[in-house]
Amino acid sequence: MTTNNPPLFSAHEQALSHTPCPQCGGKLVMRFGKRGPFFGCDHYPSCDYIQPINHNDGHIVKELDMPCPECESPLVLRQGRYGMFIGCSAYPACHYLASTEKKAENTDVGCPECHKGHLTERKSRYGKVFYACDQYPSCRFAVNNKPVVGTCQQCGFGLLIEKKLASGVKLQCADRKCHAYQATDNEDKKSIKKSLLRRRLFKLE
């Protein structure tokens with residue numbers, strides 16, 4: 001099975017854009033809403049034509065103007081259980097398959113639980129990004145925020161994560177039992193100055 005072919009994806013997007021809108025004659029383009037992908041007219045809002053994609057049985061959504069790299073049969077865009085994918089129209093005789101999802105990126109951050117794998121960027125079926133150990137299923141460690149190499153200042157856990165707050169981005173312990181926020185260098189200096197000032201005031205008293 002072959003996966004991830006970026007030129008193929010751009011080609012299938014162009015093929016979709018040449019499909020005429022049955023309502024006004026404009027081009028149909030793939031859009032993504034709260035309920036998933038759908039085809040909409042590029043003349044929106046003057047034209048509100050929508051073609052829903054509600055099924056997930058692997059049915060053909062669109063025949064692409066590109067040959068299969070393995071058997072040269074036409075490629076087709078299908079809607080499956082886990083989202084859109086591109087496959088060969090000659091299936092099951094030909095099993096060529098290319099996912100429309102972005103290839104998982106390795107973060108080069110070692111897994112703090114099994115110490116064998118690395119954390120890889122992945123997407124849930126709902127489109128949410130998370131980071132999981134590439135040794136799955138033997139290791140099920142995963143975090144929802146971007147992992148950062150480091151050691152927790154409080155519990156010593158070997159991984160930190162970036163946490164976006166209203167005050168800015170802070171580092172947090174990746175251990176669910178701890179989740180302590182990490183003090184920055186500036187915060188450490190401030191705390192030291194406060195401590196020295198308190199000692200001086202105590203001596204004066």
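**Close-up views of a predicted model**

**View 1. Confidence along the chain of the predicted model.** The average pLDDT of the chain is 76, and 68% of the residues score at least 70. Over residues 1–17, the pLDDT is below 50. Beyond near neighbours in sequence, this stretch has 39 contacts in the model.

**View 2. The open sheet of β8, β9, β10 and β11.** This sheet has 4 strands, arranged in the order β8-β9-β10-β11 with antiparallel pairing. Its edges are held by β8 (106–110) and β11 (142–143); each of these has a single partner strand, so one side of each is left without a neighbour in the sheet. Strands of a sheet pair through backbone hydrogen bonds, in either a parallel or an antiparallel manner.

**View 3. The pairing of β8 with β9.** Strand β9 comprises residues 118–123 and runs antiparallel to β8, to which 2 bridges join it. Which residue in β9 is the bridge partner of Asn106? That partner is Thr120.

**View 4. The open sheet of β12, β13 and β14.** Here 3 strands follow the order β12-β13-β14, and the pairing is antiparallel. At the edges stand β12 (147–148) and β14 (168–173); because each has a single partner strand, one side of each is left without a neighbour in the sheet.

**View 5. The pairing of β13 with β14.** Strand β13, formed by residues 160–165, is joined to β14 by 6 bridges, and the two run antiparallel. Among the residues involved is Leu165, whose bridge partner in β14 is Gly168.

Notes:
Residues are numbered from 1 along each chain as its sequence is written. This is a predicted model: local features need pLDDT of at least 70, side-chain atom pairs count only at pLDDT 80 or more; totals for chains, interfaces and linings use all residues. Side-chain values use heavy atoms; hydrogens and water are left out. Two strands pair if DSSP finds at least two bridges between them. pLDDT is the predictor's confidence in each residue, from 0 to 100. Contact means heavy atoms within 4.5 Å.
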